[in-house]
There are 2 protein chains.
Amino acid sequence: MARPRKFDIEDALKDAMNIFWQHGYDAASLAVLLEGMGMTRSSLYQAFVDKKTLFLKALDRYEVEAVDAAIAVLTTGSEDGAERIDRLFCSVIEAVKNGDQRGCLLCSAAAGPAAVDPDISEVVQRQLNKMSQAFYVALTQSAAHAHTSEQERGDMAEMLLSQYVGLRTMIRSKTRDEAVQKSVNAMRKFVGGGRSEVSA
Amino acid sequence: MARPRKFDIEDALKDAMNIFWQHGYDAASLAVLLEGMGMTRSSLYQAFVDKKTLFLKALDRYEVEAVDAAIAVLTTGSEDGAERIDRLFCSVIEAVKNGDQRGCLLCSAAAGPAAVDPDISEVVQRQLNKMSQAFYVALTQSAAHAHTSEQERGDMAEMLLSQYVGLRTMIRSKTRDEAVQKSVNAMRKFVGGGRSEVSA
DNA sequence: TGTGTATTGTACCGATCAGTACAGAACTCT
DNA sequence: AGAGTTCTGTACTGATCGGTACAATACACA
């Protein structure tokens, strides 16, 4: 028994996520967010408390939409874990070649607000951890690495994660496509995924 | 034949560099800069034109002070290039263990303003390129990699660079020391530097 | 057809942002 | 000592920041 809201709250959150993704936390001003989300100031504050809370919710949304998708690539689809790692890095290349230079919201958050705000840092760390665990699983299920020690795989999972973060950070800074491609080439060779050479 | 300036322009630039390094471009407000550089608004604008120009000059300063230092580690000191790469990553670990969580100004710039401003992006890319070339040189002068193809070394140099960027980005986002250590462990093993195990 | 209630639209808030105007101060040279 | 010149200190600008107050609005229910 009240006035109904004009917007779908999930859609609005998705819009917010995309805006933060493209602009970054600081550069995504309230004006930009309101415009992109198609709602008024009061509605936004009524529904999302404040900018930081909105960002945290957008990060949660990103987790579901992008991080979990990456984790799915790392943990399902192919028998061999190394090939799945391979696929993840190839998908990054593919995005770049399609003109997507937004990088990764999580990685941008790590470089930006997470350095200042503990609440944001906590969420970022949790998601990064999730990814490193997925790398670990993939390595464990890889013919080339299953025999290595638990510690070795843990180390390598962490390395793959920082590699991923660095790659997507550089992409956002307009690094030439060829440089990105080279980096992935070397990483693929290193991990030794199933597929012989380039493909996508 | 005029009033002499009260500050040393090089010292001021060094201060500015450190402030940008710690706070990041956006968060380093004029107020913070003026305070930290110990000068007044007029003097700053008279000497450095505007904030962005100051940042570009601070980036140049960072190139001399930090990037070139890293490049020196990669290109001089030891006979074996892989060991020099090893040393660079170990120095990152050492900084973290000493409580330095500022990361790398260049990497933060890559993730932040370089994504928006072409002038900044250009400088960032130039410096990143310089680093990847140094990695290439180190690989070429490494017993373990000298025999590989030129292309392979180029790929791997680019990978080492993105690894470096990712690592320092994660450090700034307050990633646990152990995770950083793990990542470096794996990277060291991968590169196969001379020194057997941990050291510093 | 009211009446209660939650959302919306708008106008506003103080704070802070980067940048500027300009008078006064501090020096060198004549 | 005076003129010329450059730097400094302060006060100010308009724009924008995130956030709030409050009346108008649109609905469900009685």
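Which element gives the largest share of the surface near DNA strand D? Let us start there and work back into the protein. What you see is a predicted model, in which local features need pLDDT of at least 70 and side-chain atom pairs count only at pLDDT 80 or more, while totals for chains, interfaces and linings use all residues. Residues are numbered from 1 along each chain as its sequence is written, with chains lettered from A and ligands numbered from 1 in the order in which they are written.

The answer is α3(B), with four residues. Helices here are DSSP runs (H or I, at least four residues), numbered from the N terminus, and strands are E runs of at least two. In total, 23 residues surround DNA strand D, and the closest are S29(A), A2(B), R3(B), S42(B) and S43(B); a residue is near a strand if its C-beta atom, placed from the backbone, lies within 6 Å of it. Two or more residues come from each of α2 (30–37) and α3 (41–48) of chain A and α3 (41–48) of chain B. By class, this surface has nine nonpolar, six polar and eight charged residues. Ala, Val, Leu, Ile, Met, Phe, Trp, Tyr, Cys and Pro count as nonpolar, Asp, Glu, Lys and Arg as charged, and the others, Gly among them, as polar.

Now turn to DNA strand C. Its surroundings comprise 23 residues, the closest being A2(A), S42(A), S43(A), R3(B) and S29(B). Here α3 of chain A and α2 (30–37) and α3 of chain B each give two or more residues, and α3(A) gives the most, with four.

UniProt, in an unreviewed entry, places "domain: HTH tetR-type" at residues 6–66 of chain A; such annotations may be inferred rather than shown by experiment. Over that stretch the chain is 77% helix and 0% strand, with its end C-alpha atoms 27 Å apart.

How do the two chains meet? On chain B, 38 residues are in contact with 38 residues of chain A, contact meaning C-beta atoms, placed from the backbone, within 7 Å. Elements giving two or more residues to this side of chain B are α6 (105–111), α7 (118–140), α8 (150–172) and α9 (177–191). Of these, α8(B) gives the most, with 14 residues. The classes here are 19 nonpolar, 13 polar and six charged.

Finally, look inside. The largest nonpolar core has 126 residues, and those with the most contacts inside it are F20, L106 and F135 of chain A and F20, L106 and F135 of chain B. Such a core is a set of buried Ala, Val, Leu, Ile, Met, Phe, Trp, Tyr and Cys residues joined through C-beta atoms within 7 Å, where buried means that 20 or more other C-beta atoms lie within 10 Å of a residue's own. Leaving aside neighbours within four places in sequence, F20(A) is in contact with Y25(A), A28(A), F55(A), A58(A) and L105(A).

Methods:
Buried ≥ 20, exposed ≤ 12 C-beta atoms within 10 Å, placed from the backbone. Contact = placed C-beta atoms within 7 Å.
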